[in-house]
Amino acid sequence: MGEERFGEFVLVRRHGENGVVELVLDRPKAMNAVSTEMARSVAGACAALGGDEGVRVVVVTSTHERAFCVGADLKERNSFSDADLVRQRPVARAAYTGVLELPVPTIAAVHGFALGGGFELALSCDLIVADGTAVVGLPEVSVGVIPGGGGTQLLPRRVGAARAAELIFTARRVEAEEAYGLGLVDQLVPAGEDRAAALALAERIAVNSPVGLRAAKRALRLGQGLDLRAGLEVEDAAWRSVAFSEDRAEGVAAFAERRAPRWPSAM
């Protein structure tokens, strides 16, 4: 298992040769509150992973026992002048868009608090696995701002406009069972099992064609918000990008020969 650190607060951990990679939030003294330095490290790690053809699935995890991430570092923000806040904004945005724009499937493993920017990091992933201790929410209006890491756009895409409005306008925290029932998270597991369950899900995904996974994610993301006709054109373009690939030839051959595929793109 190889490890690489990005700054003080982010660790990238590679699991063998299967292409499963953890992006670990590692600022335990602050419950992973996203400071300027931490945001810069998340963005840097995502840039490195996004350019690595060996990565098949990214799992975002936390080293803190009671939190995935509590959001923006408000203690740091309290010391900012208006000019400081303006300068910090693109750095903060780069962290959230870095996760959102990863070209491979992404899974958030959530336990404890995932609030504000912490929940937005999870929402930026394709799938969210949460354990029974999870508490999620977007409380930004309670401190005079709005969700600024994608929350106003990602949450309604998950749960619909009215449900997202209720959650954002009330700034309320949602515990694990209700979060699962509302579709705020995709899989609910017993306390302490979020990371293991997310990694197991990543393993199931990673056995599939790397070329196929990237194209499928591209079609899913680019098709969001389009009408059906336009969405089907996006899908057709993604299909054409893989239909004549070596992975497609190997996948069909492996199926016919009743064996596990050996993906050329992973070699």
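On a 1 Å grid over the protein atoms alone, a pocket is an open set of points with protein on both sides within 12 Å along at least five of seven lines, and a cavity is a set where a 1.4 Å probe fits but cannot get out; lining residues have an atom within 4 Å of a point. The model is predicted, so local features need pLDDT of at least 70 and side-chain atom pairs count only at pLDDT 80 or more, while totals for chains, interfaces and linings use all residues. Residues are numbered from 1 along each chain as its sequence is written, and side-chain values use heavy atoms, with hydrogens and water left out.

The largest pocket holds about 940 Å³ of space, a volume being the space filled by probe spheres set on grid points that are joined across faces, edges and corners. It is lined by 35 residues, and Gly71, Ala72, Asp73, Leu74 and Arg77 are the closest to its centre. Two or more lining residues come from each of α2 (74–78), α3 and α4 (117–123); helices here are DSSP runs (H or I, at least four residues) and strands are E runs of at least two, numbered from the N terminus. Helix α3 gives the largest share of this lining, six residues.

Helix α3 (residues 82–100) also packs against helix α1 (residues 36–50), at an angle of about 40° and with the axes 8 Å apart. Axes are lines fitted to C-alpha atoms, for helices over the stretch in contact, and angles run from 0 to 180 degrees between N-to-C directions. The two helices are therefore oblique to each other, as angles under 35 degrees count as roughly parallel, over 145 as roughly antiparallel, 65 to 115 as roughly perpendicular and the rest as oblique. In the contact (heavy atoms within 4.5 Å), Thr36, Ala39, Arg40, Val42, Ala43 and Cys46 of α1 meet Gln88, Val91, Ala92, Ala94, Ala95, Gly98 and Val99 of α3.

The second largest pocket has a volume of about 410 Å³. Of its 20 lining residues, Leu123, Cys125, Asp126, Arg221 and Gln224 lie nearest its centre. Both α5 (151–159) and α9 supply at least two lining residues, and the largest share, five residues, is from α9.

Helix α9 (residues 210–223) packs on helix α10 (residues 228–243) at about 165°, with their axes 9 Å apart. That angle makes α9 roughly antiparallel to α10.
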